[in-house]
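Please keep the structure open beside you while you read.

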Amino acid sequence: MRRSVVLGCGAYLPERIVTNADLPKELETSDEWIRQRTGICERRIAAEGETTSDLALNACRNALERAGCGVDEIDVLIVATATPDHTFPATATRVQANLGMKRGAAFDLQAVCSGFIYALSMADNMVRLGQANTAMVVGAETFSRILDWNDRSTCVLFGDGAGAVILRGEEGKGDNTDRGILSTHIFSDGTGYEMLYVDGGPSTTGVTGHLRMEGREVFRHAVTRMAEAVEKSLETNNLTTDDLDWVVPHQANIRIMDSMAKRLALKPEQLVVTVDKQANTSAATIPLALTAADTDGRLKMGQLVSLTAMGGGFTWGSALLRW
Ligand code: UT7
């Protein structure tokens, strides 16, 4: 049975750090409120003129280098983003050109904060079916550009960044001891559309708009949906939470992650957490967190890793993989 094995991952964060104390004084917020309610201490903000494709390009270069993989080996490049450079063409095609990638296919995928899980699922299917041998999956966002900087209930929560993962097809035995992606699950419920959305777009107002969110509702759904998605992936592979080494959840709020971990009876140390330093970078949080845990040596070959996310749509999902 063909499996998509992680060949390597990479990350890029813009240089500028904005701490809670650096936020505009008019916001009427505090470092204490933000830390206690979200776990966020600081976030990175893209420089003027630095676009989503720039962040993605740097993350891809980092992943290629760490994986020891040439750009000419990539058969498909998928960029998960809700903040594309332009309405069209796909940001992925700009990344493709800037990488000097002259073959294969490049396209964007939009599932907001679940975008990386959705893109990983698409790439895994393409690799397992033999449509691609090597795939690069990127989560890249410049959410700072769609925030209403006068709305304290949303603007303190997000940051900019990009992460990339390279997958390669390898033969496995077809059981849950195989290395690589064991399964992916994706879900959506469009009745949640107005709970988390941007109040603009090409077909409505004609302008980009700003992020709007019913924070408490999103919080509630995130805990339940992410826990369910992790359980579903374990069940599918005849595994239990006791078998898990690491969970890399979408990084929106430390309280969401802690509540999900409690539901799954996980130890807090099994969570990979980056929200404190990076805030919520939407589709980029999972590849950024994976890269952090790979870089510091936490992820060891053969360990069982669960990825899960929930976001606008509502969308949610999980991927279970053996590192
Ligand atoms: O990636 C997926 C998308 N996002 C998420 O998953 C985020 C999900 N939601 C959350 O993380 C949380 O709901 C928030 C962090 C957004 C809010 O935390 P909360 O504990 O649910 O607070 P709340 O919305 O119930 O607000 C409590 C109070 C309110 O004041 P009153 O009405 O009690 O007087 C807010 O106005 O906190 C106030 N508040 C703030 N105060 C200081 C809201 N934002 C701030 C702020 N600073 N930045």
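**Notes on helices, sheets and loops**

1. Let's start with a helix pair. The axes of helix α6 (residues 215–236) and helix α7 (residues 254–263) come within 9 Å of each other and cross at roughly 40°. That angle makes α6 oblique to α7, because angles under 35 degrees count as roughly parallel, over 145 as roughly antiparallel, 65 to 115 as roughly perpendicular and the rest as oblique. The crossing of α6 and α7 is right-handed; a crossing gets that name if the near helix is turned clockwise from the far one by less than a right angle, and is left-handed if anticlockwise.

2. A word on how to read all this. The model is predicted, with local features needing pLDDT of at least 70 and side-chain atom pairs counting only at pLDDT 80 or more, while totals for chains, interfaces and linings use all residues. Residues are numbered from 1 along each chain as its sequence is written, and side-chain values use heavy atoms, with hydrogens and water left out. Helices (H or I, at least four residues) and strands (E, at least two) are DSSP runs, numbered from the N terminus. Axes are lines fitted to C-alpha atoms, for helices over the stretch in contact, and angles run from 0 to 180 degrees between N-to-C directions.

3. Which residues make the contact between α6 and α7? From α6 come F219, A222, V223, T224, M226 and A227, and from α7 come R255, I256, S259, M260 and R263. Contact here means heavy atoms within 4.5 Å. By class, the contact of α6 with α7 has seven nonpolar, two polar and two charged residues. For these classes, Ala, Val, Leu, Ile, Met, Phe, Trp, Tyr, Cys and Pro count as nonpolar, Asp, Glu, Lys and Arg as charged, and the others, Gly among them, as polar.

4. Next, a sheet. Four strands form an open sheet in the order β8-β13-β12-β11, with mixed pairing; two strands pair if DSSP finds at least two bridges between them. Its edge strands, β8 (180–188) and β11 (246–249), each pair on one side only. On average, neighbouring strands of this sheet are turned by 15° against each other, direction ignored. β8 runs antiparallel to strand β13 (residues 315–322), and eight bridges join them. To find this pairing on screen, look for T184, which stands opposite A319 in β13. Helix α9 (residues 285–295) packs on the sheet and touches β11 and β12 (304–311); the direction of α9 makes about 155° with that of β12.

5. The other helix pair on my list is α2 (residues 52–67) with α3 (residues 91–99). Their axes are 9 Å apart and the helices pack at an angle of about 50°, which makes α2 oblique to α3. The crossing of α2 and α3 is right-handed. T52, S53, A56, L57, C60, R61 and L64 of α2 meet T91, R94, V95, N98 and L99 of α3. By class, this contact of α2 with α3 has six nonpolar, four polar and two charged residues.

6. Strand β4 (residues 76–80) pairs with β5 in the parallel sense over five bridges, and I78 stands opposite F107 in β5.

7. How is the chain divided into domains? The assignment gives domain 1 (2–171) and domain 2 (180–322), with bounds that come from an automatic or database domain assignment. The contact takes 52 residues from domain 1 and 50 residues from domain 2. Taken over C-alpha atoms, 14 Å separate the centres of domain 1 and domain 2.

8. Finally, some loop geometry to check by eye. Most residues other than glycine have a negative phi, and most peptide bonds are trans. A cis peptide bond joins F88 and P89, with omega about 0°, and P89 lies in the loop between β4 and α3. Another cis peptide bond joins G313 and F314, with omega about -10°; F314 lies in the loop between β12 and β13. A265, in the loop between α7 and α8 (275–278), has a positive phi near 55° in a residue other than glycine.
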